[in-house]
Amino acid sequence: MKTKVAYIVMGIYSIMLIVGLIYQYEALLNLSTALAVISAILIQQNESKKEPDEREKFIVDRAASLSYLSVMTIILLSYIGNDIIGFENYLSVELIFQVLIGIGFMTFLSMYVFLSEKH
């Protein structure tokens, strides 16, 4: 996947996520999560279908660890925020997990693109 296409996918995901959360459209949230998962899978596919080199393995490992850290940070902050705001009364648990999965995969995609350009 080219870098420009990845940026477009990230923009579409952001718009779908924000609109889905504001207007509580579950279908739009499902589509945004599916877009995040599919784009993260497609970006890892090699065009040449050969074994990935060390650079590619480093980029995938680093992007995965950074996306894991970002999701864990969001979970920690939402746990603290839940004590203050109490947002479990307004959102369902499955919606929270679905948004976290989408954010995790989109963070992976953005870190993969960033590290690919950097290294």
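This is a predicted model: local features need pLDDT of at least 70, side-chain atom pairs count only at pLDDT 80 or more; totals for chains, interfaces and linings use all residues.

Guide: Residues are numbered from 1 along each chain as its sequence is written, and side-chain values use heavy atoms, with hydrogens and water left out.

Visitor: In what order do the elements of the protein chain run from the N terminus on?

Guide: Helices (H or I, at least four residues) and strands (E, at least two) are taken as DSSP runs, numbered from the N terminus. On that basis the protein chain has four helices and zero strands. From the N terminus on, the order is α-α-α-α.

Visitor: Among contacts in the protein chain between residues at least 6 apart in sequence, what percentage join residues at least 24 apart?

Guide: The C-alpha atoms fill a box of roughly 50 × 25 × 20 Å along the principal axes. A contact means heavy atoms within 4.5 Å. Among contacts between residues at least 6 apart in sequence, the share joining residues at least 24 apart is 76%.

Visitor: Of the 119 residues of the protein chain, what percentage count as buried?

Guide: Buried means under 20% relative accessible area, exposed over 50%, and partly exposed in between (1.4 Å probe, protein chains only). Of the 119 residues, the buried share is 29%.

Visitor: How is the aromatic pair of F108 and Y112 classed?

Guide: Rings of Phe, Tyr and Trp (its six-membered ring) pair if their centres lie within 6.5 Å; planes under 30 degrees apart count as stacked, over 60 as edge-to-face and the rest as tilted. The structure holds two such pairs. In the pair of F108 and Y112, the centres lie 6.1 Å apart and the planes make an angle of 35°, so the class is tilted.

Visitor: Where do F108 and Y112 lie?

Guide: Both residues are buried. They are four residues apart, about one turn of the helix, and both lie in helix α4 (residues 93–118).

Visitor: Which residues does Y112 touch, not counting those up to four places away in sequence?

Guide: Y112 is buried and is one of the residues that touch the most other members of the largest nonpolar core. With residues up to four places away in sequence left out, Y112 touches I43, E56, I59, V60 and A63.

Visitor: Is T107 buried or exposed?

Guide: T107 lies in helix α4 and touches L66, S67 and S70, not counting residues up to four places away in sequence. Its relative accessible area is 18%, and therefore T107 is buried.

Visitor: How far apart are the C-alpha atoms of R62 and F108?

Guide: R62 is found in helix α3 and is partly exposed, with a relative accessible area of 39%. R62 and F108 are 46 residues apart along the chain, and their C-alpha atoms are separated by 9.1 Å.

Technical notes. A nonpolar core is a set of buried Ala, Val, Leu, Ile, Met, Phe, Trp, Tyr and Cys residues joined through side-chain atoms within 4.5 Å.
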